Amino acid sequence: MHALARVWARLEEGLIAFLLAAMTLVTFVYVVLNNLYTLLYDLADLWEGGNETLLAIGDGVLTLAQEMTWSNALTKALFAWLIFLGIAYGVRTAGHLGVDVLVKLASRPVQRVLGVITCLACLGYAGLLCVASYDWVKTLFIAGIGAEDLDHFGIRQWHIGLIVPVGFALVFIRFAEILVRILRNRQTGLGLADEAADALKLTEHEEPKA
């Protein structure tokens, strides 16, 4: 079980890294192409009557840039997948910020009870959205509507929207794991990030020693 969890954690991190890299690469190529043909045309104008080779290359680059109208839609789709995978990843790595000043004033048993209640609320929220988004994706699947600017690649809207129920299912699983740890007395709360505490630690670390 632990080995499977480690494999899934690596896969999750790898997929997030791939999405970030793909978004960056697509945007970079599109921006370069949209600026490169102008540079080539300007260089061609330096020759009297224009340099035919540079003009031809500029025309080719311009054509490529015009054909990449799908890049914006692809970047949005990749970003959507990144968001919903990132939600579950943030729960696993305690990356989400939490406001628990009042909770920390309570005793440890009370903190555990509050943690269970909060975790159950999060499970209900994730489960509700997972079911609702599944029905939405099912409707898109039946409709078979193509994704804007991506339909000529065979991509449908349900392909992009599929990440919503998958993402909330992963969130549900992560909060279920937290609930088990709370019930086993391995932690008291959701394990959210404490920005104030992190800032204080950073300040103490940067202060010069007397």
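Predicted model: local features only at pLDDT ≥ 70, side-chain atom pairs only at ≥ 80, totals over all residues.
Residues are numbered from 1 along each chain as its sequence is written, and side-chain values use heavy atoms, with hydrogens and water left out.

**How α1 and α2 pack**

- The axes of α1 (residues 2-44) and α2 (residues 52-67) come within 8 Å and cross at roughly 160 degrees, where axes are lines fitted to C-alpha atoms over the stretch in contact and angles run from 0 to 180 degrees between N-to-C directions.
- That angle makes α1 roughly antiparallel to α2, because angles over 145 degrees count as roughly antiparallel, under 35 as roughly parallel, 65 to 115 as roughly perpendicular and the rest as oblique.
- Helices here are DSSP runs of H or I with at least four residues, numbered from the N terminus.
- Residues of α1 that meet α2 include Tyr-30, Leu-33 and Tyr-37, and among those in α2 are Leu-54, Ile-57 and Val-61; contact means heavy atoms within 4.5 Å.
- The residues of this contact divide into 15 nonpolar, 2 polar and 1 charged, with Ala, Val, Leu, Ile, Met, Phe, Trp, Tyr, Cys and Pro counted as nonpolar, Asp, Glu, Lys and Arg as charged, and the others, Gly among them, as polar.

**Salt bridges around Glu-12**

- The whole structure holds 5 salt bridges, each being a side-chain nitrogen of Lys or Arg within 4 Å of a carboxyl oxygen of Asp or Glu.
- Glu-12 and Arg-92 form one of them, at 3.0 Å from N to O; since Glu-12 lies in α1 and Arg-92 in α3 (residues 70-92), the pair ties together parts that are 80 residues apart in sequence.
- Glu-12 is buried at 2% relative accessibility, and Arg-92 is partly exposed at 28%, where buried means under 20% relative accessible area, exposed over 50% and partly exposed in between (1.4 Å probe, protein chains only).
- Arg-174 also meets Glu-12 in a salt bridge of 3.0 Å, N to O, and this pair links α7 (residues 163-183) with α1 across 162 residues.
- Both Arg-174 and Glu-12 are buried.
- Salt bridges that share partners join Arg-10, Glu-12, Glu-13, Arg-92, Arg-174 and Glu-177 into one network.

How values were computed. Helix = DSSP H or I, 4+ residues; strand = E, 2+ residues; numbered from the N terminus.
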